[in-house]
Amino acid sequence: MSATAGTAGRQRVVRVLPDVPAIDKEFDYLVPDGVAVHVGDVVRIELHGRRVGAWVLALDVEPEPGVVLKALAKVSGRGPGPEVLELAEWAAWRWAGRRASFLRTAAPPGVARFTTGTASTGRGEPVPTGDELLDRALGAGRGVLRLGPAADRYPLVRAAALAARGAGGQTLVLCPSVDEAWGLGRRLRREGLRVAIVASDGPGSAATGEWIHAATTAQVVVGSRAAAWAPAPRLARVLVLDEHDEAYQQERSPTWHARDVVAERARRAGVPCVVVSPCPSLEALAWGELVEPGRGAERGAWPRVEVVDQRELDPGLGPLFSPRLVDLVRGDGRVLCILNRTGRARLLACATCRTIARCEVCDAAVGIDGVDDGGLGALACGRCGATRPPVCLECGGARFKNLRLGVSRAREELEALAATPVAEVTATTAPEDPAVASARVLVGTEALLHRVPRADAVAFLDMDQELLALRYRTAEQAFALVARAARTVARGAGRDGRVLVQTRTPDHPVLVAARLGDPARLVASDLPLRRALGLPPATAMAVVSGEAAPAYVDALGHPLDVRVQGPLDGAWRLVAPDHRTLCDALAAVERPPGRLRIEVDPLRL
DNA sequence: CGGACAAGCTGA
DNA sequence: CAGCTTGTCCGG
C-alpha cells in the first residue's frame with residue numbers, strides 16, 4: 001500500500017495532472033527511490049481508488065502540509081516536454097479547454113522510452129534559395145506567403161529544412177492531411193534529411209517510433225493537425241502549408257487551431273513561423289506580414305476559371321448542365337462535377353398546383369433520397385426524419401417537379417448527356433470503390449475533391465449553393481473550394497486544366513477573384529464586411545451551448561467589453577474586441593457541472 | 001470521471 | 001425502515 005522507501009531522508013515529491021479531462025486539478029505524489037522522472041513524463045497514479053494516467057508538471061515540489069501522499073504507481077515513459085506542457089496551459093486559456101485534453105494530443109501515441117542526447121539549439125540564417133520570393137518568406141518572422149494553387153511549395157519546405165539543419169535545429173511542417181504529410185516526409189527523406197512523420201496511427205504502432213524520432217534526432221518533423229503538439233526540442237522554424245484549410249481546426253471542443261498553436265509555439269521559442277496558402281485566411285493576414293508574388297507570377301499559378309451564367313441557359317438542358325459543361329463531359333479528359341447536395345431531389349413542387357412539398361410534422365421542405373425503380377419514392381424530411389407518400393398536401397396531386405437536383409439524379413442525367421458511365425462520390429462512398437478509379441466523369445459533393453487528387457477539369461454545377469450560404473465565412477470557404485479545384489486540375493492537366501463555375505451570380509467577388517487569380521480582390525470585399533458586421537477576425541467570438549450553458553453564462557455575468565448575445569437555439573454568443581479580453585473573461589468563470597461546449601473561434605455561426 | 005456517502009422517495 | 005434512486009462532493 002504505502003511507500004516502500006524508508007522513513008529516513010527526504011522523499012522526492014512531484015506534482016501531476018491526471019489524464020481525466022473532468023479533473024483539472026493538480027495532485028502531489030511521492031517518487032519511489034531510484035526512479036527517474038522528468039517534467040512532462042507520463043506516469044500512472046492511484047487516484048480515489050482507481051489507476052489513471054497523469055503528467056508530471058513539476059519536480060521537487062513542497063507538498064501542502066497535512067496531506068498524506070501516495071507514491072507514483074509507475075513511470076510509463078517520456079511525454080511532452082516542458083515547452084509543450086506550457087503550450088498546453090496557454091491553449092487551455094486560448095480555447096477555454098482543459099489542459100488534459102491538449103496533453104492527450106501531445107502525448108506519444110504509445111509508451112515512449114528513450115534517452116535524450118544533448119539538446120543543442122540552432123536557429124541559423126536561411127541560406128538564399130536564389131528565389132527572391134522564398135527568401136523574403138523565409139526572412140519573415142511571421143510570414144504569410146501567398147502562392148497560387150499550381151505553385152510548388154516544396155522548394156520552400158526544402159530550403160527551410162536545410163537552413164535549420166545547417167544550424168542543428170528542427171523544422172516543424174504542418175499539412176492539412178495525413179496523406180500529404182507522408183508524401184512530403186518521404187520526399188524530404190530522399191534529400192537525406194532525417195524526417196519524423198508524426199501522423200498518429202493509434203497506440204503501439206510505428207507512430208511511437210516517429211514521435212521518439214521527433215523528440216530526439218529528427219531534423220524535420222512533418223505531420224497534420226496533431227503534429228502541432230509533436231516534440232521538437234531544437235525547434236528552429238515552423239511552416240504551415242495550406243493554412244486556410246479547415247482541417248486544422250478541431251471540431252470537438254476545445255476547438256483549437258493548429259496554425260494558432262504553432263504560431264504561439266514559434267513565438268515562445270523565438271523562431272520564425274511562415275504560413276502558406278493560395279487563399280490566406282483573414283485571421284492569418286491579421287497575424288502576419290503578407291509576402292506575395294508579382295501579379296503575373298501569381299496569376300500564372302492559377303488555371304483558367306470559366307464562369308457560366310446559369311440565367312442564360314439552354315432550357316432544354318435544364319439549369320445544371322450548360323453547353324460548356326456538356327462539351328467538357330463529352331470530351332476525353334477526366335471531369336469532376338461538384339454538387340453539394342446528396343440524394344435525388346432536395347426541393348420538389350407539385351406539378352399541378354406548384355406548391356412546395358413540405359413536411360407534415362415540422363413544415364421543412366422535403367425531398368427524395370433513395371433511387372427506386374422509376375416511380376417516386378417516399379418524401380423524407382431531412383430535419384425531423386418523418387416520411388410520407390408522394391402526394392401533394394394542397395391538391396392531392398401525385399406528380400412533382402424536381403426543383404433542385406441532388407447528386408444521385410444529377411449522375412443519371414449526366415450519364416445520359418455524356419454517353420459514358422458516371423461515378424457518384426459522396427462522403428459515404430466506400431474508399432476503394434472501383435467505379436471511382438475507372439470512371440472518366442464523376443459527380444459528387446465536395447468529398448469528391450478530397451477523393452480524387454487530379455483531373456483535367458472540375459465543374460461546380462451550382463456554385464450559388466456555396467456562394468450564398470448563410471455562414472459568415474461563406475466567401476472564404478467558397479474561394480478555398482475553387483482553389484482546391486484549381487490545384488486538382490493543375491496536377492492533372494497543368495496549364496490546360498479548367499475550372500468551370502455555373503452560377504447565377506457571376507459577378508460575385510469570389511468568382512471575380514478566382515477568374516483573375518487574385519485573392520486580394522476577395523480580401524478587399526470580405527474584410528470591410530467582417531469589420532462592419534463585427535465578425536472575426538475584427539472581433540473574437542465564442543459560442544457556448546449544452547445543458548450547462550445557462551449556468552455558465554449566468555456565472556460569466558457581464559464582463560467589461562464582452563457582449564453576451566442570445567440564447568438562440570440554446571446557444572449564447574460572446575463577442576469581445578480581441579482574444580485577450582474574451583479568453584480572460586472565459587477563464588474567470590468556474591465551470592458548472594454538466595455538458596458544456598465552448599466553441600472559441602467558431603467556423604460557423 | 002467515477003466511487004462514496006447522504007438525502008429523498010416508495011412500498012410493505 | 002430496507003432498498004433504491006438522485007445528488008453532491010472529492011480525489012494527493
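Strands are DSSP runs (E, at least two residues), numbered from the N terminus, as are helices (H or I, at least four residues). Two strands pair if DSSP finds at least two bridges between them.

The model is predicted: local features need pLDDT of at least 70 and side-chain atom pairs count only at pLDDT 80 or more, while totals for chains, interfaces and linings use all residues. Residues are numbered from 1 along each chain as its sequence is written, chains are lettered from A and ligands numbered from 1 in the order in which they are written, and side-chain values use heavy atoms, without hydrogens and water.

**Exercise 1.** Describe the sheet and explain why one side of S2 and of S5 is left without a neighbour.

*Solution.*
1. The strand order is S2-S1-S4-S3-S5, an open sheet of five strands with antiparallel pairing.
2. S2 (27-30) and S5 (74-77) are at the edges with a single partner strand each, so one side of each has no neighbour in the sheet.
3. On average, neighbouring strands are turned by 50° against each other, direction ignored. The axes behind such angles are lines fitted to C-alpha atoms.
4. S1 (residues 13-18) and S2 run antiparallel and are joined by four bridges. Within this pair, Val-16 has Phe-27 of S2 as its bridge partner.

**Exercise 2.** Characterise the protein surface near DNA strand C.

*Solution.*
1. A residue is near a strand if one of its heavy atoms lies within 4 Å of it. Of 13 residues around DNA strand C, the nearest are Asp-28, Tyr-29, His-48, Val-68 and Lys-70.
2. S2 contributes the most to this surface, with three residues.
3. Classes are nonpolar (Ala, Val, Leu, Ile, Met, Phe, Trp, Tyr, Cys, Pro), charged (Asp, Glu, Lys, Arg) and polar (the others, Gly among them). The surface has seven nonpolar, one polar and five charged residues.
4. Sugar or phosphate holds 50% of the atoms of DNA strand C within 4 Å of the protein, and bases hold the rest.
5. Backbone N or O atoms lie 2.8 Å from a sugar or linking oxygen at Asp-28 and 3.0 Å from one at Lys-70.
6. A side-chain N or O atom of Lys-25 is 3.4 Å from a phosphate oxygen.

**Exercise 3.** Which residues surround DNA strand B?

*Solution.*
1. They are Val-20, Ala-22, Ile-23, His-48 and Arg-50.
2. Of the atoms of DNA strand B within 4 Å of the protein, 36% belong to sugar and phosphate.
3. This surface divides into three nonpolar residues, one polar and one charged.
4. A side-chain N or O atom of Arg-50 lies 2.5 Å from a base oxygen of DNA strand B.

Conventions: Axes are lines fitted to C-alpha atoms, for helices over the stretch in contact, and angles run from 0 to 180 degrees between N-to-C directions. A polar contact is a pair of N or O atoms within 3.5 Å; within protein, one must be able to donate a hydrogen and the other to accept it, and residues adjacent in sequence count only if both atoms are side-chain atoms.
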